[in-house]
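Please read this briefing alongside the sequence and the coordinates.

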Amino acid sequence: MRSRFLLFPGLCVLVAGCWGEISEPSPMQAAGGGAANMGGGDSAPLDCSGIPGVTPLRRLSTQQYQNTVRDLLTTSGLSSLTATVQPLLDAAPADSTLVFTGLDNRVSGQHLSTWFDVAIAVGDRVSTDQASRTAIAGACATATSLSATCVDGFLNGFGRRAMRRPLTAQEATRLRALNDGVRPPPEALRAMVVTLLLSPSFLNHVEVDGAATPEGPLQLTAFELASRLSYTFWQTLPDDALLDAAASGALLTEAGYQAQLTRLFDDPRTRRTLWLFWREWLKLDAFSGFATGRPGFRSLTQGLRFGEPGHDHYADMVQEVKALTEYVTFDRPASFETLLSTDVSLTRSTDLAAVYGVPVFSGTGEPPRFTDGSRKGLLQRAALLVNNIEQTNPFHRGALLRRTILCDPLPQPDPNNLPPGSLDPPVSSATDTTRQRYEKKIAGNNLCVGCHETFTPMGYVQESYDAIGRFRTTEKIYDEQTGALLADLPLSTSAVARVSFDDERLVSGPAELNQRIIESGRAAACLAKNFTRFTARREATSNVDRCAEAELATRLRGASTLAEVFRSIAEAPSFRLKVVGAP
Amino acid sequence: MKLDRRQLLRGVGGAALALPTLASLIPRTAAAAPPSGPALIVIKSFSTQLIREWYPAFQGNGYQLKNARYPGTSKADGTTLLTQPLVSGSPYTFAPLQDFRTATGISGILGPALNPFLSKLNLIRGLDFLPSVNHNYGALLGNFSSCTPATPCDADRLADLPTIDQVIAYSSKFYPTTPALRSLHLSQGVTNSMSYSNLGQVAGAVQQVQARTNPRDAFNDVFGSFMPMPGGPNRDRLLVDGVFEDYTRLKNNPRLSAADKQLLDQYLTLLTELQARLGSNQTLSCTAPAAPGSLANNVGTNPTDIATKWRLFLDVVAAAIMCGQTRVVTMGIHKALGPGPDANNPALFGHYHSEDASGGTWHGLAHDFGNPNARRMLRGINSWIASEIFAGLCARLDVPTGDGTTFLDHSLIYWGNELGFNHIGYSVPCLLGGSAGGFLRTGRYLDYIDWNGRAYFSQEDGNVIKGIPHNQLLVTILQAMGLAPADYERNGQPGYGSVSTSGRDPNLWPVNYELGSVGQVLPGIRA
C-alpha cells in the first residue's frame, strides 16, 4: 500500500523567477542598500535625500473602524450601546490577510451597508433615549428646543472626537443647520450623529490641512499628527488627552510629542497593535487546522489529545508566540536578537508543554527553559513549524523562512512552462525520510534545482521538528490509510542553508541555522521592512522610505530593545509628513 | 410587506434567532410574481478537476468510449465518444444527457442527485482559457489577470477587467432600477471572491469584491436592504444627500491625488446607490424568511460546520432569487466535504482549498492526482459539490413561479472550475443549470473539442486538444442575461475577456484559435 503526501503545493519553484545560479546576488542584493542588503557583499549606500513616498488617502481599516466606533461610544457615554452595535460592526467586510490587512483599501457596498447601519443604530438610540442624548450633548439636549450653545457643545465634544479634530466652520454650519426648528431635538441630534458617522473625515484618514514644506510634502497639523499617532499604535481614534495636546499645541513641541508618544506606547492598546503586526506578518491565522481525523496524524499525536474537545493545540501555539513577543517587547525588554535566540518557554498550556516536553509556565517568576538545546527563539516555536498532516513539508518551511522571515522574493513557477510531472509529489516510501524523498524529486531537474537550492535546505535543517513542531532525532513514517508505523528512520539535518547567498558553510542543525539567521542581520532587515509597511499602510516607494527602513534595521541588529525600535517608528521625520500623489 | 431594515437588523443581532436551516421557512410559492428577469448563480471549485471523472464514461445504447476510436493515443481517455454533430461544418458534437443516466448518475462526479434535473442542464467540454493562467480568482468570469499572489502567471500582465457578473449586475438592462442588492458573494474561509468590479464606472478602478462568509451577513445583505420607513418620505435620504455633498467637496480638494479622487468616486457611486434605495418604494415581493444565526468565518475544517453553513447559504440564495432581492450570486467553494484518506471509513472530512493554494488538504490532493487514493478523495469532494451545492440549488429553485415555469428555468447556474486538469487552462469543465428564461436549449452534453485535431500535450486526465475559447461562454452568459454586445464589449474588441495567448509555447499548447467568432454565443447552445 502506498503512502503519499497530500499537502504538496509549490513543489517546483521557478528558476527564472529566482536568480539563476546560487552564487549570484539576488536582485535585491544587486539593487544594493541598507536594510534590503542580503548580506552578500558590499553594496552602495542609499542616497537618503528627497522626500518620502506618497501617502494615499486611506479609509479606516476594518479593525480601525470597529475600534473607533466602540471607543467613540465609550468615551461619549454611550457604552450601553456597544452591545447593540457589535453585530453590525461584525458584519464589516474583513480586510484581506494576503499582505497586511491595513493595506486593503477597497470600499464596497458591504462597507457602506455597515457604516450606514451603524450610523443609524447610534442615531436611533440618541433619538429615542434621553439618557443617551444627555450623555452626548448634556442636559440641554432634553429641552424642548436645542439651543445653539447646546449644539455647539455637542459638536465640540462628540463632533471633535468623531472627526479627530475641531469641526471646520463649514462643517459646523452644515451640522447646525440640521437643528432647523422643524426637527425636534431628538431628531436633530440623530441627524447630526448620522451625518458625522458617515462623514468622509470619520471614515477615512484625511490629511489635507497641513502647511506645505519647501520640499513639497505637507507638515501634518497637530490634530492630523494626533490621529496618525493614535492609529499607528492603538488602531483607534485619539483619546481626549491626545486631542487636548493637539489643541494646546503641546503635541508640536518635542517634549510634548515625546510625552504623548510615551503615554501611547505604554498603553495596552499598543500591545494589541503589535500583536496584530506579528500575527499578520507571520500569517498565524492562515493555518487551516490539523487533520486530526487522519489515521497517520492520530498515530503521530497519540496521547497528546489533538482533536479532543476543549483542546486546541494550534491556539495554544499561537498564544505562545504572543506571549513570547510580549515578553521580549514589554515584560523583559530585550533586543530582536533575544527574541530570535531565547530558550525560555512561556506556554501555559498543558497540551503544548507536553508536545515540547517542558513544564508549564505559571505566569509569574522565571519561566522554564528548553535546557536541552532543542529549541531557541521565535522561529523554532511550533506555530511556525506545523503542518496539518502527519508529515512535514520542508519546502513550506524553507519557503516560510526565505520569503516571510528573510523577505526574499520567491515566485512560484508558472506551471504552463513546466514539463509534465514537475509538480507531482515525490513518491512515498517506507525506506526514505521526507528529506530524501524531496531531494530525489528535484535532483537532476535543472529547471527546479536552481531555485529550490535557495530555500529547500533551510527546510531540511528544520526536519529536526515533526509536523506538530515536536523535536525529534528520527523520523517515523506512518501509513496514510491505516496509521500503522512503517519505519523509524535516522534523520539528517545538515545542509548548506545559504541564509545569505554567499554563505556556503554547512549548517548542522536548527540551532546553527538560527544563529546564521541572527548573524546575517537579514531577519532584522525584513522585520524593519514589514513593520514600516504595517504602520505606514503602504509600500516603501522612495529612497527616504528605504532609508527609514534601513535605520530601523540597524537598530534591530544592535542593542536597542524591540520596544525602542517599535516606538522609534514615530520618531522618524517622515512620520510627521504627508506627500500628495500626482493630481 | 414592508420591512424596516433597522428592525430586521436588530432582530438578527441576537444569537437566540439561530436556526438550523431556512429551507423549511421558504414557502414553495414564496414569490408573489414570476421573476423580473433571469438570474445568474456561479459556483466555483478549485485546483485540478478530474476530467475523466467529470464527463460520462458510458458505453452501450450505441455509445462507445474514445478508446475505441483512438486506441493507443492520449485521446483514449475512457470517456464517452460523442458523434452527433452539434453544428454542421464544425467538429463539435453533442448527446442528450438522459442517454447517460444511470443509478449512479451520469459520471463519477455528476452523481444521481442531478438525475432529476438532467433535462435542465448543459454539460460542456472543451472550453479553453486562452491567456496563460495559474491559480486565479476570476478567470472563469473573464478576469484572467487575477492569478493569486503566490502563483503569478503570464496573464497577470493583462489589464484587470470586471468579471461578467459585475458587468451584468451594473447593467441597466439587467436591473432597470436599482435593486435591493446588485450581487451576493459567498464563500467559506476566504473573503476574497472570484468577482472584480468597477462599480459600473467604465473608467473606474477595478477592485476585487469581498465575499460574505457568515450566513447572517449574507442574509442581511439580501433582506436587510434599505426599505423605506413606514409612512412619509425617508428621513435618512436627506441625510445621505448631505453626506454625498461632503464627499463631493472633499473630492474637489486640491491636496488630493488622482488616485485619492478615484477612491472618492467609489464612495460617491456607492452613496448614489444608497440614495436610490432610500428614495424608492421597494417592498418585498414574498414572505421574508427568518434570519439565520451568526456563524462566523470558519477557519477550521469541521465537517458539520462546513455542511451547515453551505445549507444556510443555499437557503439564503434561493430565498434571494425567489424574492427578487438580487439576481446575481457567486459562491467560491473553498471548503467542501469529501472522503478521508481511509477508504474504509465512510465519515466525510472537511476539505479546504486556501486562497493562495498554500494551505488545506484539497490543493495537496490535487497535486497528487496520480495516486488512486487521492483521486478517490478528489472525486468525492467534487461529487459532494455536485450533489449538495449544485443539485441542492437546483432543488431549491425548481419551484413554480406561477407562469408554468420554475425559478430554475429562469436561472443560469454556472459551475466552473479554477483550472482544467492540474494547472492546465484548457478544457475547463462546465456544468450549466437552467435555461436563463429560455435563452438556452438544455438537456445536452456539448463537446467543443476537435478530437481529430492535434493532441498537443497530455498528462493523466489532461488532454490538451484545441477546443473553443472560453470567452464564448462569457458571451453566452452575458447575452443570456439580456445584454447586447454594445453593453459589454470594449475598445472595439468583440466578445469579452482577453484572447491573448502570450507566454504560451506554441509547441506545447494550442494558440491559434478562430477569433472571428469569439464574440458569438457558443455554437448550438441557444434555444
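**Backbone and burial in chain A**

Arg164(A) counts as buried because 24 C-beta neighbours lie inside 10 Å, where the cut-off for burial is 20 or more. The model is a predicted one, and the values below should be read with that in mind.

- Arg164(A) sits in the loop between helix H6 (148–163) and helix H7 (169–176) of chain A, and it has a positive phi of about 65° although it is not a glycine.
- Most residues other than glycine have a negative phi.
- Cys407(A) also has a positive phi, near 60°, in a residue other than glycine, and its place is in the loop between helix H18 (394–405) and helix H19 (434–442) of chain A.
- Cys407(A) is buried, because 20 other C-beta atoms lie within 10 Å.

**A hairpin in chain A**

- Strand S5 (residues 474–478) and strand S6 (residues 485–490) of chain A run antiparallel and are joined by five bridges, with Thr474(A) having Pro490(A) in S6(A) as its bridge partner.
- Six residues lie between the strands in the hairpin of S5(A) and S6(A), and Gly483(A) takes a positive phi near 80° in this hairpin.

**The sheet of chain B**

- Chain B holds an open sheet of nine strands with mixed pairing, in the order S2-S3-S14-S4-S13-S12-S1-S9-S6.
- Its edge strands are strand S2 (84–85) and strand S6 (184–187) of chain B, each of which pairs on one side only.
- Within chain B, strand S12 (residues 411–417) and strand S13 (residues 430–433) run antiparallel and are joined by four bridges, and Gly416(B) stands opposite Cys430(B) in S13(B).

**Nonpolar cores**

- The largest nonpolar core has 215 residues, and those with the most contacts inside this core are Val317(B), Phe390(B) and Leu478(B).
- Helix H10 (residues 372–397) of chain B provides the largest share of this core, 13 residues.
- When its neighbours within four places in sequence are left aside, Leu478(B) is in contact with Ile164(B), Val167(B), Ile168(B), Leu483(B), Tyr488(B) and Tyr496(B).
- Another core, of 80 residues, lies apart from the largest one, and among its members are Leu274(A), Leu339(A), Phe395(A) and Ile517(A).

**Contact between the chains**

- The contact takes 70 residues from chain B and 68 residues from chain A.
- Several elements of chain B each supply at least two residues of the side that touches chain A, including helix H1 (5–12), strand S8 (207–210), helix H5 (215–223), helix H6 (235–251), helix H7 (258–279) and strand S11 (348–352).
- H7(B) gives the most to the side of chain B that touches chain A, with nine residues.
- By class, the side of chain B that touches chain A has 25 nonpolar, 31 polar and 14 charged residues.

**Domains of chain B**

- The domain assignment of chain B gives domain 1 (5–227 + 290–517) and domain 2 (233–281), and the centres of domain 1 and domain 2 of chain B, taken over C-alpha atoms, are separated by 35 Å.
- In chain B, eight residues of domain 1 are in contact with eleven residues of domain 2.
- The side of domain 1 of chain B that touches domain 2 of chain B has three nonpolar, five polar and no charged residues by class.

Conventions:
Residues numbered from 1 in each chain as written. Chains lettered and ligands numbered in written order. Predicted model: local features only at pLDDT ≥ 70, side-chain atom pairs only at ≥ 80, totals over all residues. Pairing = 2+ DSSP bridges. Core = buried A, V, L, I, M, F, W, Y, C linked by C-beta atoms within 7 Å. Buried ≥ 20, exposed ≤ 12 C-beta atoms within 10 Å, placed from the backbone. Contact = placed C-beta atoms within 7 Å. Nonpolar A, V, L, I, M, F, W, Y, C, P; charged D, E, K, R; others polar. Domains from an automatic or database assignment.
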